[in-house]
Amino acid sequence: MTKTKSQPKHGQGRNCVITRRACFSASHRYWLPELSSEENDKCFGKCALAPGHGHNYELIVSMKGRLNQDGMVLNLSEVKHAISQEVTNQLDFQFLNTTWSEFDVSKSQGCLPTTEALVRIIWKKLKPHIPIVSIRLYEQERLWADYCGNAMEAYLTIRKHFSAAHRLAREELSKKENDMIYGKCARTHGHGHNYFLDVTVKGSIDPRTGMICDLTALQELVEELVIEPFDHSFLNKDIPYFEDCVPTAENIALHISDRIKNPIKEIGATLHKIRLQESPNNAAEVYIENNSFNSKQNSSIEEIEKVNL
Ligand SMILES: [Zn+2]
Ligand SMILES: [Zn+2]
């Protein structure tokens, strides 16, 4: 590319988003003093067990800004310092319930240190020091929360897995026509995939429980409505919807969103996104509603994006 005169030296003044990863290990316990032992057990299950349990947390901090004269949004050593000073040094190998005053449930304004509550407080701690635009916190590989600075609103994602077979072919077309469109995927007896399904819900963090919805209820409804019927099935024949709808990754993702959208409403959250990874090379994403999180979104009510890597 030819350098034009209007381009600033070293990219100075141009906008960019950068991310920094940091890890810490910490324990926590879900227990509210105003509830009886039975009620705590009922609400929080094993998470209510004394003295608590731990996770290896992974934090991804995204920051936005204009490049300086050195070609950087920020000097990474400053970022690293802010994150360790404000977050990891304070939380690593600690019992979260007794670290930050926000998690002191003996006070009426205290809330439980759930992933979504934690990511919000981390934002609060980091915001005065670095220009953050979003933060993701993994509690484990298959559970994470996102926060973008919007009051009590947070996003929670669970990852599920199922194995299923399918055949891509339209009944009304000839074998030759289907072969032309779908290639090997149109072969008569089908083929299979190990699917990874990410379900992202949006909701308001409860100021006391620290939760945007009942996680167990969310896990159970996805298990019951998607994983149980889909796992080890031949989608075209075992799932009635696909008798006359070709089960591409896009259609599977859309159908999953249709199945779980209302049940998620019933547990007090909003389905935000479905991501279905069909193979290491392709995935389909469905955005159920339009809002500011994730730059991949655009203006329509329901959008689908196929990612071919
Ligand atoms: Zn936990
Ligand atoms: Zn396939």
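Me: How many residues lie between β4 and β5 in their hairpin?
Reply: In this predicted model, local features need pLDDT of at least 70, side-chain atom pairs count only at pLDDT 80 or more, and totals for chains, interfaces and linings use all residues. Residues are numbered from 1 along each chain as its sequence is written, and chains are lettered from A and ligands numbered from 1 in the order in which they are written. Strands (E, at least two residues) and helices (H or I, at least four) are DSSP runs numbered from the N terminus, and two strands pair if DSSP finds at least two bridges between them. Strand β4 (residues 132-140) pairs with β5 in the antiparallel sense over 5 bridges, and the number of residues between them in the hairpin is 2.

Me: Which residue in β6 stands opposite Trp 144?
Reply: Strand β6 (residues 153-166) runs antiparallel to β5, joined by 4 bridges. Opposite Trp 144 stands Thr 157.

Me: At which residue does α7 bend?
Reply: The bend at a residue is the angle between axes fitted to the seven residues ending there and the seven starting there. In α7 this angle is about 35 degrees, and Pro 263 follows within four residues of the bend, which lies at Ile 260.
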